[in-house]
Amino acid sequence: MGYIADIKEEIALIRERDPAIHSDWEVFLYPSYQVMRSYRIAHKLYLKKHYFLARLISQRARRKTGIEIHPGAVIGKGFFIDHGAGVIIGETTVIGDNVTVYQGVTLGGTGKEKGKRHPTIGNNVMISTGAKVLGSFTIGDNSKIGAGSVVLSEVPPGSTVVGVPGRVVKRVCPDCPQKELDQIHMPDPVKEDISNLAHEQSELTSRIIDLQRELKFVQLELNKRCQYFANGQFDPEKANEELMKEQSENKDY
């Protein structure tokens with residue numbers, strides 16, 4: 001009865017998250033379904049320290065589906081891999097409930113260190129196409145990792161991460177599950193930075209032009225006063241009156 005219930009749950013899960021499916025029978029063809037059935041068997045063997053048999057099953061599943069899940073990884077309920085080609089999940093990875101992963105995703109380590117060396121993924125997380133999460137840290141609940149991002153540090157709950165290296169560009173309610181599996185409409189921090197730099201450059205250019213005009217006016221006035229001095233005709237009061245008159249007539253200066 002438990003086996004049938006698991007299959008029904010898997011069917012409902014895939015139909016909910018993949019609009020391309022048209023019938024329940026298609027679920028049995030999905031790499032995600034096939035690899036997860038193998039993973040559950042391999043994980044039980046791994047926990048009983050039957051490491052060779054566990055790895056044998058996981059490697060056969062890898063050759064069949066293109067998805068490599070180490071039997072030591074801990075995966076919660078509602079885990080779904082869309083398409084799946086090139087997905088790699090390391091030995092000490094911990095994945096929460098209702099996580100969605102797309103093709104080309106790597107949940108890996110950063111070296112040969114012992115112990116916990118792979119990431120911990122919270123509940124209701126979406127990891128988009130080609131993203132790499134490398135190292136022993138936590139991706140908070142209800143977060144999104146953008147396509148092609150390389151995440152090397154901890155991500156707070158309710159965050160959207162994009163870029164290389166990945167950085168948080170948006171925060172939502174940490175306790176609110178992601179309702180949309182949207183990989184495209186995400187903030188572009190590089191575009192925003194370029195836009196801000198262009199705006200600042202425009203302001204600096206305008207200021208430099210204003211300063212050049214003021215300097216030109218000062219130079220003209222200084223030359224005029226030097227000529228008055230040379231000719232012995234300089235009158236300070238008259239010069240100040242002329243200066244104020246010229247400034248009022250020419251607003252640009």
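**Spaces, burial and a sheet**

Modeller: The structure holds 1 cavity of 30 Å³ or more. This is a predicted model, in which local features need pLDDT of at least 70 and side-chain atom pairs count only at pLDDT 80 or more, while totals for chains, interfaces and linings use all residues. Residues are numbered from 1 along each chain as its sequence is written, and side-chain values use heavy atoms, with hydrogens and water left out.

Biologist: How is such a space found, and what volume does the largest cavity have?

Modeller: Rolling a probe the size of a water molecule over the atoms shows where empty space is left. On a 1 Å grid over the protein atoms alone, a cavity is a set of points where a 1.4 Å probe fits but cannot get out; a pocket is an open set with protein on both sides within 12 Å along at least five of seven lines; lining residues have an atom within 4 Å of a point. Grid points are joined across faces, edges and corners, and the volume is the space filled by probe spheres set on them. Here the largest cavity has a volume of about 50 Å³. Its lining consists of Val-35, Ser-38, Tyr-39, Ala-42, Ile-57, Ser-58, Ala-61, Ile-67, Ile-69 and Pro-71. Two or more of these residues come from each of H2 and helix H3 (51-65), and H2 gives the most, with 4 residues. Helices (H or I, at least four residues) and strands (E, at least two) are DSSP runs, numbered from the N terminus.

Biologist: How many residues of this lining are nonpolar, polar or charged?

Modeller: The cavity lining has 8 nonpolar, 2 polar and no charged residues. Ala, Val, Leu, Ile, Met, Phe, Trp, Tyr, Cys and Pro count as nonpolar, Asp, Glu, Lys and Arg as charged, and the others, Gly among them, as polar.

Biologist: How does the largest pocket divide among those classes?

Modeller: Its lining has 7 nonpolar, 3 polar and 7 charged residues. The pocket holds about 420 Å³ of space and is lined by 17 residues, with Asp-6, Glu-10, Met-36, Arg-37 and Arg-40 nearest its centre. Helix H1 (2-17) and helix H2 (31-47) each supply at least two lining residues, and H2 contributes the most, 7.

Biologist: Is Pro-71 buried or exposed?

Modeller: Pro-71 counts as buried because its relative accessibility is 0%; buried means under 20% relative accessible area, exposed over 50% and partly exposed in between (1.4 Å probe, protein chains only). Pro-71 sits in the loop between strand E1 (68-69) and strand E2 (74-75). Beyond its neighbours within four places in sequence, Pro-71 is in contact (heavy atoms within 4.5 Å) with Tyr-39, Ala-42, His-43, Tyr-46, Ala-54, Arg-55 and Ser-58.

Biologist: In what order do the strands of the open sheet lie?

Modeller: The open sheet of 6 strands runs E3-E6-E9-E12-E14-E15, with mixed pairing. Strand E3 (80-82) and strand E15 (167-171) are the edges, each pairing on one side only. Two strands pair if DSSP finds at least two bridges between them. E12 and strand E14 (residues 159-162) are parallel over 2 bridges, whereas E14 and E15 run antiparallel and are joined by 4 bridges.

Biologist: Which way do the residues of E14 point?

Modeller: In a regular strand the side chains alternate between the two faces of the sheet. In E14, Ser-159 and Val-161 point one way, Thr-160 and Val-162 the other, and all are buried. Val-161 is the bridge partner of Ile-145, and Val-162 stands opposite Arg-167 in E15.
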